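Keep the structure open while you read.

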Amino acid sequence: MDFNDNAQEAAFRAEARAWLAAHAPAHVLKPGEKIPDTEEADRGRAWMRELYAGGWSGLTFPKALGGRGLSGPEAVIFAEEEGKYHLPKGPFTSIGTGMALPVIARHGSDEQKARFIEATLKGDITWCQLFSEPSAGSDLAALRTKAVRAGDGSGDWIVNGQKVWSSWAHLTDWGILVVRTDPSVPKHKGLTFFVVDMKTPGIETRPIRQISGASEFNETFLTDVRIPDANRLGAEGEGWACCMTVLMGERLGSGAHRSGVEPLIDYAASTPDGYGGTMLDDRAIRQQLAEALAEEQGERFFQARLRTMVSKGENPGALAGMVKLAYAGRYQKTNGLALELRGLAGIAPEVGDTATGDVQYDYIYSTVMRIAGGADEVLRNQIAERVLGMPGEVRMDKDVPFETLKG
Amino acid sequence: MNFDLSDEQKMLGEQARALLSDLSSFDRLRSLIDSGAEWDEPLWRALAEMGFLGAAIPEEHGGLGLGALDLGVIMEALGAANAAVPFTSSIILSAEAIRLAGSEAQKAAWLPKLASGESIATFAYAEGPGPVFATGATLAGGKLSGSKSPVADAGIADVAVVLVAGGGFALVELDQPGVTRTKLDSFDQLRAHYRLDFADAAAEAMPGTGKLDRLIDQAAVQAAFEAVGAAEACLHMARDYAMERQMFGRPLAGYQAIKHKLADVAVATELARSNAYYGGWAAESSPDDLPAAAAAARLSGIKCLELAARENLQVHGGIGYTFEANCHFYYRRERMLAVHLGNRGFWADRLLNAQPGSQGKAA
C-alpha cells in the first residue's frame with residue numbers, strides 16, 4: 001500500500017502542474033464573480049479547447065478515439081491538480097465528457113464516433129441529458145416520452161413528450177435522449193436511445209425556478225421533434241443498456257466537490273464564544289466537527305480504494321454508490337452545522353460576507369445532491385442488493401406490457 | 001498510488017480467519033462463558049504457533065518484523081471472531097510499549113516471550129473514573145505505588161506495563177506480594193478486567209519518555225481494524241439471518257426497512273475500513289500523518305461497530321435477545337471497544353488538535 005505517487009505518477013503530476021501553471025490562470029473565475037450563464041458556458045468551452053490543444057482532454061479515453069488512453073490514477077491526478085484552480089467547469093461540459101462520450105464510445109456506430117467524439121473533447125459540441133420525466137425519476141424506465149417512425153418512409157423518428165431536470169439544456173448543442181419506442185413490451189425493453197440536436201424544431205426548453213434561486217435545470221418539451229434514424233444509438237429496444245452506461249459514469253464521477261469541514265473548523269477557531277475563548281472550545285461542537293471530518297476523510301480514502309480497483313481493471317460496481325450516498329448526506333449535515341454555528345449571522349449575513357452566502361447555497365444545494373444521480377433510497381437498495389446480495393424489490397411492473405400499466 | 005492491501009497481507013488475513021473459524025466458533029465462546037474461563041488459552045497457543053503474536057515484533061526479538069497493516073489484518077480477523085485472547089493487551093499495547101520505550105535489556109527479556117506467547121503482558125492506564133490515561137501511580141526507587149483500574153486481562157498476565165506519574169512507563173511483574181489483583185465484573189464476558197493495587201511493588205522504569213501518544217495512536221489504528229472486522233461480522237450475520245427468516249410470505253431481507261439499515265451499516269464499515277487503511281499506512285510510512293489518521297480511524301471504527309452491533313441484534317428480533325443467538329457477543333464487546341483507549345470525545349479532541357494550524361485545544 002502506498003498513498004503517495006509512484007515515480008511515474010509523480011512525473012505525470014509535475015507535467016500536469018507545469019502545464020496548468022502556464023495555461024489555467026487565464027481561465028480562472030474570480031472569487032465571488034457572478035457571470036451570466038451564457039458567459040459561463042462560453043468560458044467552459046474555451047477551457048475545453050485549451051485542454052484539447054494541450055493534450056489534456058479525454059485522458060482515460062482510448063487513443064484511437066482521440067483521447068490520451070491513460071490509466072485511471074493519472075486522470076485523478078490531473079483532476080486534483082486542475083481542481084486547485086477555480087475554472088469554468090460544470091455540467092455544461094461534464095455531461096459531454098462524463099456521460100455522452102462513454103455512451104457514444106460504447107454503443108455508437110463508427111460514423112457517430114467520428115462525428116461527436118473529437119468535437120466534444122474540443123468543446124465544439126456540448127451536451128445535456130434528456131432522461132428524467134415528471135413521472136419517471138428514480139423509476140426512469142417508466143418514462144413516457146415516445147418516438148414513432150415517421151410515416152413518410154424516411155426512417156426518421158417523431159418524438160413527443162416532456163423531459164425534466166435537463167441541466168443546461170437551454171445552452172447546450174446536443175442532448176442524449178431516451179424514449180419509448182415500443183409500449184407493447186415490458187418497460188425496460190421498449191426503450192431506444194438517441195442523440196438529438198437541440199436546435200431541432202419542436203424542442204422548447206423552459207428554465208425551472210429552483211429553491212436555490214438559480215435555474216440551471218430545465219423542463220424540455222418535445223413536440224413532433226424529427227430525429228433521423230442515423231442519430232439512434234444502439235439498436236431499437238436497447239435504450240436501457242445505454243442508460244446504464246451513462247448512469248455508471250454519473251455515479252463514478254460524483255463525490256469530488258469541495259469539502260466544507262476544514263473551513264468550518266477554521267471558522268469555529270476564529271469566532272469568539274463569548275466566554276473568552278473560541279467556538280472550537282465547545283466540546284459538543286468539537287465532537288460534531290471531528291465526526292464530520294472523520295467521515296470526510298473516510299470518503300476520500302474510500303475513493304482512493306475505488307480508484308485503485310479501477311486501475312487494476314476491477315469494477316467497483318455498487319461500491320461507487322456508497323461514496324455518493326455517504327458524501328451527499330454528510331454534505332447536508334456539514335452545511336447545516338455551518339449555518340447553525342454562525343447563529344443569526346448564518347441566516348442574515350452582513351453585507352459582503354460571501355463565505356456565508358456560499359454555505360447557504362450549499363445547504364440548499366445539498367438537498368438535490370441526495371436526489372440526483374441516484375437518490376439515497378435507490379443507492380441503499382443497490383448496496384443491499386448488489387453488495388450484500390439481498391433480494392430485489394417486489395416489482396409489479398416487471399413482466400407486464402408497459403401500455404397496460406397505470407400511470 | 002496503490003491504496004489496497006498487498007497479496008501477502010490478504011493471504012495473512014485469510015490464514016487468520018481460517019484459524020479463528022476453526023478454533024473460535026460461537027459455540028466455543030459460549031462454552032468459555034459457561035465455564036467461567038477468562039480466555040481461550042488453546043487459541044492463544046495456536047496464534048503463537050502461526051507467528052501471529054510476533055507479527056510486528058522485530059525479528060531480532062523473536063518476531064516477524066511485519067508492519068501495522070499486517071497486524072491490522074490479524075486484528076480484523078480477531079474482531080470478526082470476537083476472540084477471547086489478550087492480543088490488544090499483550091501485543092498491541094504492551095509489546096509495542098516495550099519496543100518503543102524499553103531498554104535493550106527489557107526488550108531482550110520480554111519481547112521474545114511475548115512473541116512466543118510464553119508470557120502475557122497487559123497495559124495498565126486507567127485509574128477509575130476520570131481521565132482515561134491517568135498518571136496517579138508513582139514509581140520511585142524501583143517501587144511502584146498506586147492503583148490501576150480497570151485493567152484488561154490482568155488475571156492472566158505475567159507482567160504489566162504501567163502508565164505512571166510523568167507520563168512514563170513502569171514494568172511490573174504481577175506475581176509478587178506488593179501487587180493485589182481484584183477481579184471486576186466485566187461487561188464483556190469474554191474479556192476479564194481487574195483492579196490492580198500496587199503497594200511498593202518491585203518495578204522497573206522504562207527509559208524511553210514521551211512515547212504514550214505514539215503508542216495509543218498506533219493502538220487506535222489497530223482498534224479500528226478490530227472494529228471493522230467485528231462490524232462486518234455483524235453485518236453478515238444480520239444479512240444471513242434476514243435472508244433465511246420468512247416474514248409475511250417472503251424473506252425478511254426483502255424489506256427496505258432491513259435493506260436500508262444494513263446498507264447504512266455497510267457504508268459506515270467501508271468508510272471505517274478506508275480510514276483504518278490510511279492509518280495503517282501512516283503508521284508504517286508517514287508518521288507525521290499518524291495522529292490525524294489514527295483519530296479518524298478510531299472515530300469511524302467506533303461509529304461503524306456501534307451501528308452494526310445494535311442493528312444486528314435488532315434484525316434478529318426476539319431471538320437476538322437470547323444467549324443461544326450470537327448477537328450478544330458483539331453487543332457487549334462493542335461497548336468495551338468503544339471506551340477502551342479513550343472514548344469518542346477523547347479522540348474527537350485528538351483529531352481536531354492534529355489539524356494543521358489548530359490552536360483550539362479544548363480546556
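## Ground rules

This is a predicted model, so local features need pLDDT of at least 70 and side-chain atom pairs count only at pLDDT 80 or more, while totals for chains, interfaces and linings use all residues. Residues are numbered from 1 along each chain as its sequence is written, and chains are lettered from A and ligands numbered from 1 in the order in which they are written.

On confidence, pLDDT is the predictor's own score for each residue, from 0 to 100. Chain A averages 91, and 97% of its residues score at least 70. One stretch to treat with care is residues 252-257 of chain A, where pLDDT stays under 50.

## Chain A

Chain A has twelve helices and eight strands; helices (H or I, at least four residues) and strands (E, at least two) are DSSP runs, numbered from the N terminus. Along the principal axes, the C-alpha atoms of chain A fill a box of roughly 80 × 50 × 45 Å.

Of the 407 residues in chain A, 40% count as buried. Buried means that 20 or more other C-beta atoms lie within 10 Å of the residue's own, exposed means 12 or fewer, and partly exposed is in between, with C-beta atoms placed from the backbone. Helix α9 of chain A (residues 319-342) has 24 residues and reaches 35 Å from its first C-alpha to its last, close to the expected 34 Å; the expected span is 1.5 Å times one less than the number of residues. Of those 24 residues, 18 are buried, so α9(A) is largely enclosed by the rest of the structure. Just after α9(A) comes A:Gly343, with a positive phi of about 65°.

## Chain B

Chain B comes to eleven helices and nine strands. Its radius of gyration is 20 Å, close to the 21 Å that the rule gives for 363 residues, so chain B is as compact as a globular protein of that length. The box around its C-alpha atoms is roughly 75 × 50 × 40 Å along the principal axes, and 55% of its 363 residues count as buried.

Contacts here mean C-beta atoms, placed from the backbone, within 7 Å. Among the contacts in chain B with a separation of 6 or more, 74% join residues 24 or more positions apart.

## Where the chains meet

At the interface, 41 residues of chain B are in contact with 40 residues of chain A. On the chain B side, the elements that give two or more residues are α7 (212-244), α8 (256-285), α9 (290-316) and α11 (344-353). The largest share, 14 residues, comes from α8(B).

That side of chain B divides into 23 nonpolar, twelve polar and six charged residues. For this count, Ala, Val, Leu, Ile, Met, Phe, Trp, Tyr, Cys and Pro are nonpolar, Asp, Glu, Lys and Arg are charged, and the others, Gly among them, are polar.

## Nonpolar cores

A nonpolar core is a set of buried Ala, Val, Leu, Ile, Met, Phe, Trp, Tyr and Cys residues joined through C-beta atoms within 7 Å. The largest one has 173 residues, and those with the most contacts inside it include B:Ala160, B:Val172 and B:Ala227. The element that gives the most to this core is α7(B), with 19 residues. Apart from it lies another core of 43 residues, among them A:Phe131 and A:Val178.

The peptide bond from B:Ser149 to B:Pro150 is cis, with omega near -5°, and B:Pro150 sits in strand β3 (residues 143-152). In the loop between β3 and β4 (159-163) you'll find B:Asp153, which isn't a glycine but has a positive phi of about 65°. B:Asp153 is buried, with 25 other C-beta atoms within 10 Å.

B:Asp200, also not a glycine, has a positive phi near 50°. This residue belongs to strand β7 (residues 193-205) and is partly exposed, with 13 other C-beta atoms within 10 Å.

Definitions and conventions. Two residues are in contact if their C-beta atoms, placed from the backbone, lie within 7 Å. The radius of gyration is taken over C-alpha atoms; the globule rule is 2.2 Å times the number of residues to the power 0.38.
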